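Here are my notes on charge and aromatic contacts. Please read them beside the model.

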2 protein chains.
Amino acid sequence: MRLRKDKTANEVVLENPNLVIKNFEEKINNWKKIYKREKIYLEIGMGKGKFIIEHALKNKDILFVGLEKEATVLVKALKKAKSLGIDNLVFLNEDAANIKTFFGNKEIDKIYLNFSDPWPKKRHTKRRLTSETFLMDYKFILNEDADIELKTDNSKLFAYTVVTLNNYNMEFLDLSVDLHSEREDVITTEYEDKFLKNNKPIYFLKVKFRNGE
Amino acid sequence: MRLRKDKTANEVVLENPNLVIKNFEEKINNWKKIYKREKIYLEIGMGKGKFIIEHALKNKDILFVGLEKEATVLVKALKKAKSLGIDNLVFLNEDAANIKTFFGNKEIDKIYLNFSDPWPKKRHTKRRLTSETFLMDYKFILNEDADIELKTDNSKLFAYTVVTLNNYNMEFLDLSVDLHSEREDVITTEYEDKFLKNNKPIYFLKVKFRNGE
């Protein structure tokens, strides 16, 4: 325990190559074969991992991949997953902008975007995880039946997202502007739990790309 | 004044044929010519008229039409408009389901839907003013550049509307899930003012039909 405390998060990441994946050349287009699962659900911006760990525990037949740029946050999820001995969850300590170097065409069956950075300034629009550049990448890695589920507490990011996805000709499958008042058994993130205590609404959207476009 | 108090709302409506229009055969396809205006903005479910009267006072070059099924509510707007001597606002004491018998193809330049009845029960879905049947009629009476602006406090009606309009292939021009926090100079309805006092969010959507579809 003493040693671990002294290590930086980046070192912990490198010490766990089976859980925090780095060798993408071997994995790309082969994830399902390697992990012996027929579906892959990807959370982009996983944070400390509560949401994806709960999903992984409930759905053992699906491979979950948690992408998180910040190593210090990712290692909290990593430690939790290791202590629970979960075998259907791996992590990527990477930037979502490079997503097409991790996954092949149509390799992913669902994307979760939870409480993404709103990047409120207009000049940072392209950094929002629902901007057109990201949508193009999602369309490439998602299979034709796949969907994207998105939650946020940020009213402006939600408005931007709904308008952008509509203009991108995506199909809206489900939407709520007050998720927790309207639905039961919602699996939450750490951030979401804190937010709920203040009685603020959570916005939710589920979409898919229209086929053949 | 004594006499007026004894009259029913329906009688007041019939006494004001220049303001509460009935002879649609004469008006259909001729509204702009008759009222010497180049644009017509229609509010469906006008209520007591605060919203449309403010708009009419600010935009004298546009003809405003307030449609309201309930005569008892409509006469409040009627009296207010008369006392203000507004000449660019008329009323329809009619059912929105018959809208194509009042207006011709492409005759309307904007539709406002403010705090429409949410009709929460599934079997009443078709009565919602944003159900497909109504959208078909709106598409008929709206010109190609026209838009629809919608406000509601009802989270479920808003979610239903966003999903339905997306599936109807409408273009989203603007959206807010917290209108009064994000915008200034919003013209409100009577109902909206009451709602705002409770600090509840107002949902807003502005859409248009895509051309050539």
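Helices (H or I, at least four residues) and strands (E, at least two) are DSSP runs, numbered from the N terminus. This is a predicted model: local features need pLDDT of at least 70, side-chain atom pairs count only at pLDDT 80 or more, and totals for chains, interfaces and linings use all residues. Residues are numbered from 1 along each chain as its sequence is written, chains are lettered from A and ligands numbered from 1 in the order written, and side-chain values use heavy atoms, without hydrogens and water.

1. A surface patch of positive charge gathers A:K48, A:K76, A:K79, A:K194 and A:K197. Helix 6 (71-84) and helix 10 (190-197) of chain A supply at least two residues each. Patch residues have over 30% relative accessible area and no salt bridge, with like charges joined within 9 Å. A salt bridge puts a side-chain nitrogen of Lys or Arg within 4 Å of a carboxyl oxygen of Asp or Glu.

2. A:K79 sits in helix 6 of chain A. A:K79 is partly exposed, at 38% relative accessibility. Buried means under 20%, exposed over 50%, partly exposed in between (1.4 Å probe, protein chains only).

3. Over all chains, there are 25 aromatic pairs. Rings of Phe, Tyr and Trp (its six-membered ring) pair with centres within 6.5 Å; planes under 30 degrees apart are stacked, over 60 edge-to-face, the rest tilted. A:Y41 and A:Y112 are edge-to-face, because their planes stand at 75°, with centres 6.2 Å apart. A:Y41 is in strand 1 and A:Y112 in strand 4 of chain A, 71 residues apart. A:Y41 is buried at 13%, and A:Y112 is buried at 4%.

Definitions and conventions. Patches are made of residues with over 30% relative accessible area and no salt bridge: like charges are joined within 9 Å, nonpolar side chains (Val, Leu, Ile, Met, Phe, Trp, Tyr) within 5 Å. Accessible areas come from the Shrake-Rupley method with a 1.4 Å probe; for residues, only the protein chains shown count as cover. Lys and Arg count as positive and Asp and Glu as negative; His and the chain ends are not counted. The place of a charge is taken as NZ of Lys, CZ of Arg, CG of Asp or CD of Glu.
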